[in-house]
Amino acid sequence: MAIWRTCILNLTLALGAAAVSAAGVRSAASTDAPTADAATAAAVPRIISLSPHITELLFAAGAGDRIVGVDDSSDYPAAVAGIARVGEPAALDIERLLKLKPTLIVLWDSGTPASRKTQLERLNLRLYITDQHHLDDIGTALIEFGRFAGTEAAAAAAADRYRFDLAQLRSRYAGRPRLKVFYQVWDRPLYTLSGAHVVSEVLSLCGGDNVFADLSTLAPAIDKEAVLARDPDVILIAATGAQGARQTREWSQFSNLRAIRDHRVFTVDPSLTGRMSPRILQGVREVCDLLDSARGQPAVGDPRMGHRRAPPSPLKDSVR
């Protein structure tokens, strides 16, 4: 369980972190993307992705057939199941990686240990180091990925779709009455996210204010007394299935908490709300629907009444 919790926190930090520096794709002298000459020499690159969100971005940019290896956590789209695994960024199977004869390795800056980057560079492997920190960065990344993969047209079309859909969502939910939201990453111990995480941007787009946005740590450990003191209108729990149901039931004893009293506790899929790929817009829609549901619920009764897209809350049977 401790290992599973650590994986969740590490992915949350690395895939959704907001950096102090400007966001977007960067490359150092030794990690430049392939030049036009290199692209000519190797018309179809052999790419290894070392992050689930990078794998999703590559597929979205039309470069899925260029991927010869992925990290063990890459799980989307379904086609990724047939691609060779090379371990995790902190524990790569270097021998297996080299056997795949990659011409480019794409890795996440904030989620890859510095020692691992140095090791890959010493093997004379071409690296492309990338980080996405904000919703707008995803469209930029699609263009960049299409450029180095040789799939510019498909990537540009995907970026246009993503930017259009994001603009539509921003327009649709602008001006919503603000709700105070507590976003729970894990409960043993209790973790949340600060305002420096992309999840806060997702909440804000939907008319929600992260009640712990002011904390300096990206994923701070807090206690339930702190949640009670800030008394959120809504609690969103980043877990699904049995884990989501269990974590949700843990709040049922706090009947003096506004979110519990008004049946405004929901679960969300963390792979949608925090993974920096085009699918994050599915997470935005889910969060926005849930907050709309919370705004429109009757004082007593089912908070999903009249909001057919909002998924059921595990508190339905545990709080009432």
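## Helices α6 and α7 in a predicted model

In this predicted model, helix α6, which covers residues 135-149, and helix α7, which covers residues 152-173, have axes that come within 7 Å and cross at roughly 175°. Because angles over 145 degrees count as roughly antiparallel, α6 is described as roughly antiparallel to α7. The contact between them involves, on the α6 side, Leu135, Asp136, Ile138, Gly139, Thr140, Leu142, Ile143, Gly146 and Arg147, and these meet residues of α7 including Glu152, Ala155, Ala159, Tyr162, Leu166 and Arg170. The classes of the residues in this contact are set out below.

| Class of residue | Residues in the contact of α6 with α7 |
|---|---|
| nonpolar | 10 residues |
| polar | three residues |

Turning to α6 itself, its 15 residues should span 21 Å at 1.5 Å a residue, and the end C-alpha atoms are 22 Å apart, which agrees. Its buried residues are Leu135, Asp137, Ile138, Gly139, Ala141, Leu142, Phe145, Gly146, Phe148 and Ala149. Just after α6, Gly150 takes a positive phi of about 80°.

These helices belong to a chain whose secondary structure comes to 13 helices and 14 strands. How many residues does the chain have, and what percentage of them count as buried? The chain has 320 residues, of which 52% count as buried. It exposes about 13900 Å², with carbon and sulfur atoms supplying 52% of that area. Among the contacts in the chain with a separation of 6 or more, 66% are accounted for by residues 24 or more positions apart.

Key: Residues numbered from 1 in each chain as written. Predicted model: local features only at pLDDT ≥ 70, side-chain atom pairs only at ≥ 80, totals over all residues. Heavy atoms only, no water. Axes fitted to C-alpha atoms, helices over the stretch in contact; angles between N-to-C directions. Helix = DSSP H or I, 4+ residues; strand = E, 2+ residues; numbered from the N terminus. Parallel < 35°, antiparallel > 145°, perpendicular 65-115°, else oblique. Contact = heavy atoms within 4.5 Å. Nonpolar A, V, L, I, M, F, W, Y, C, P; charged D, E, K, R; others polar. Buried < 20%, exposed > 50% of the residue type's maximum accessible area, 1.4 Å probe, protein only. Areas by Shrake-Rupley, 256 points an atom, 1.4 Å probe, with all protein chains shown as cover. Expected span 1.5 Å × (residues − 1).
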